[in-house]
Structure formats: C-alpha cells, structure tokens
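Have the picture open while you read.

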Amino acid sequence: MTIDLGSTYATYRYLSKDMASTLKAQAKDPQVARETAYFQANIGKMKTADDLIKNYRLFNYAMTAYGLADMTYAKGFMRKVLASNLSDKNSFANRLNDQRFIQFAKMFAFNTYGDKTTSTQSLQQTVSAKYAQQSLEDTAGQSDQGVQLALYFKRMAPTVTSAYGLLGDAALWKVCKTVFGFPDAMANADITKQATVVKSRLNIADLQDPAKVDKMLQRFAVTWDVTNNATSSPVLPLFDSAYSQSVSSGTSAGLLNLRYGG
C-alpha cells in the first residue's frame with residue numbers, strides 16, 4: 001500500500017488515524033500477502049533454531065518483522081542470540097542491549113519450547129503483524145523518510161524508559177532532534193549531559209501516553225515539512241508560535257549548560 005498525500009504531516013495523519021485499518025490494508029499488499037502466506041504455511045515445520053536459520057525465506061521474513069533484515073546474513077551471530085538464556089543478564093542477547101534481538105529470542109525460544117516453538121497461532125499472528133508494520137514503514141520511507149520516522153517512533157515510543165533509549169536509537173533520536181531543535185554538535189557532549197538536556201525538554205513518561213506521542217509526532221511532521229519538504233509548509237500555522245519559541249529558548253539554555261559544564 002503506497003500513500004503519499006504530498007506532505008509528511010498529511011500522510012502521517014492519514015496513516016496513523018486508524019492504524020488497525022492501515023495495517024490490514026498493508027497486509028493485503030500482494031507481496032506482503034504472498035510472503036505472509038508462505039510464512040504461516042511453513043513456519044510450524046521449523047523445529048530448531050538451525051531449521052529456521054537455514055530456511056532463508058522464513059528467516060528473512062522473521063528478521064524483517066523485527067527490524068533486523070540487514071542482519072539476515074549474520075547466521076552465526078543469530079545462532080548465539082537464539083541460544084541465549086534471557087534470564088541471565090550476561091547472556092549474549094542481553095549484552096547486546098538491543099530490544100530487537102531480545103524480542104526475537106523471546107519469540108523464537110527454541111531452548112524453552114523445543115519443537116513446539118513455532119507451532120502456535122500466537123507466534124504466527126504476532127510475527128505476521130510485525131512484518132506488516134515493518135513493511136508499511138519501509139514503503140512509506142521510499143517516498144518520505146519523515147513518514148517512516150514518525151511511524152517508527154509511534155511504534156517504539158512505549159518501549160523507551162529513559163533518555164538513553166532515545167539517544168541510543170538513531171531513528172528515535174532523529175525525531176527528537178527535529179522536534180526540539182537539538183544540534184548535531186550535541187553529540188560531542190558527555191552522554192550524561194546529553195541525557196540531562198533531553199530530560200529538560202521531554203518528560204520520558206509522556207512516551208507512554210499515545211495522545212502525547214501523537215501530538216509530538218504532528219509537530220515533528222510539520223517541522224520536517226518545513227525543513228525537508230518546503231512546498232508543504234502551509235500547515236505550520238496550525239501550531240502556535242509559543243511552541244517554537246519554547247523549543248528555541250529551552251534548547252539554547254541546554255546548550256549553554258553543555259558548553260560550560262552546568
């Protein structure tokens with residue numbers, strides 16, 4: 001499903017207003033439907049982690065669903081992920097400090113459930129839904145990276161529990177930088193000071209509130225249009241000038257603190 005309404009703001013609003021319906025439509029896309037049908041018909045035959053990894057089509061589908069498509073080639077690496085004991089904080093998957101790998105290992109927990117791991121309807125439905133979501137974001141990104149970033153942020157925001165979670169994810173951080181006007185030079189500061197500045201502008205707990213996240217993403221989309229899609233800027237007046245003023249003053253104060261160690 002390809003939707004491009006000419007601006008990041010308009011396209012994001014259209015796709016996100018009823019995400020359930022949007023994802024159903026995406027699941028009906030011929031390529032998505034074909035790959036999902038193959039996955040659901042064959043995943044139950046995978047009885048071990050090696051079975052899954054050796055079946056490129058199924059493995060690529062599963063990896064794509066968890067945002068790990070670029071790691072599909074790393075079979076030895078993923079064997080270590082799937083062999084990890086997730087109850088051990090020092091296990092391989094946990095030491096990666098990346099929720100994508102941890103969630104993948106939880107879903108394909110062959111060490112726990114053995115040859116019954118892939119036979120559940122829950123696994124098939126969960127992975128298929130994630131694949132449709134990832135496909136939607138990737139498709140959106142082909143015409144507008146801003147829409148892709150907004151959809152990704154909307155999906156991932158509830159999993160963020162600290163400023164470090166934003167700073168450590170390039171896509172999430174790009175959204176924050178766009179909304180709050182954080183400069184690239186901020187990356188040169190000590191990570192703890194970066195986190196302090198982020199927390200001075202954003203209450204991390206707000207990321208658990210869908211309404212607040214959506215409001216933030218509307219602001220992101222407007223700003224993205226202004227800076228990247230110049231012809232789309234007429235939506236800017238929808239937001240009051242006090243917002244941009246508060247971002248500017250707050251960011252300036254934060255940067256002064258970073259520069260002088262405050």
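A quick note on the model: it is predicted, so local features need pLDDT of at least 70 and side-chain atom pairs count only at pLDDT 80 or more, while totals for chains, interfaces and linings use all residues. Residues are numbered from 1 along each chain as its sequence is written, and side-chain values use heavy atoms, leaving out hydrogens and water.

You'll find 16 helices and zero strands (DSSP runs numbered from the N terminus: H or I, at least four residues, for helices; E, at least two, for strands). Of the 262 residues, 44% are buried, meaning under 20% relative accessible area with a 1.4 Å probe, protein chains only.

Now for the nonpolar cores, which are sets of buried Ala, Val, Leu, Ile, Met, Phe, Trp, Tyr and Cys residues joined through side-chain atoms within 4.5 Å.

| Core | Size | Some members |
|---|---|---|
| Largest nonpolar core | 36 residues | Leu151, Phe153, Leu166 |
| Another core, apart from it | 31 residues | Phe59, Phe101, Met107 |

Leaving aside neighbours within four places in sequence, Leu151 is in contact (heavy atoms within 4.5 Å) with residues including Tyr12, Met19 and Ala140.

Finally, which residues of α6 are buried? They are Met78, Val81 and Leu82. What covers them includes α4, α5, α7, α8 and α9.

Definitions and conventions
Buried means under 20% relative accessible area, exposed over 50%, partly exposed in between (1.4 Å probe, protein chains only).
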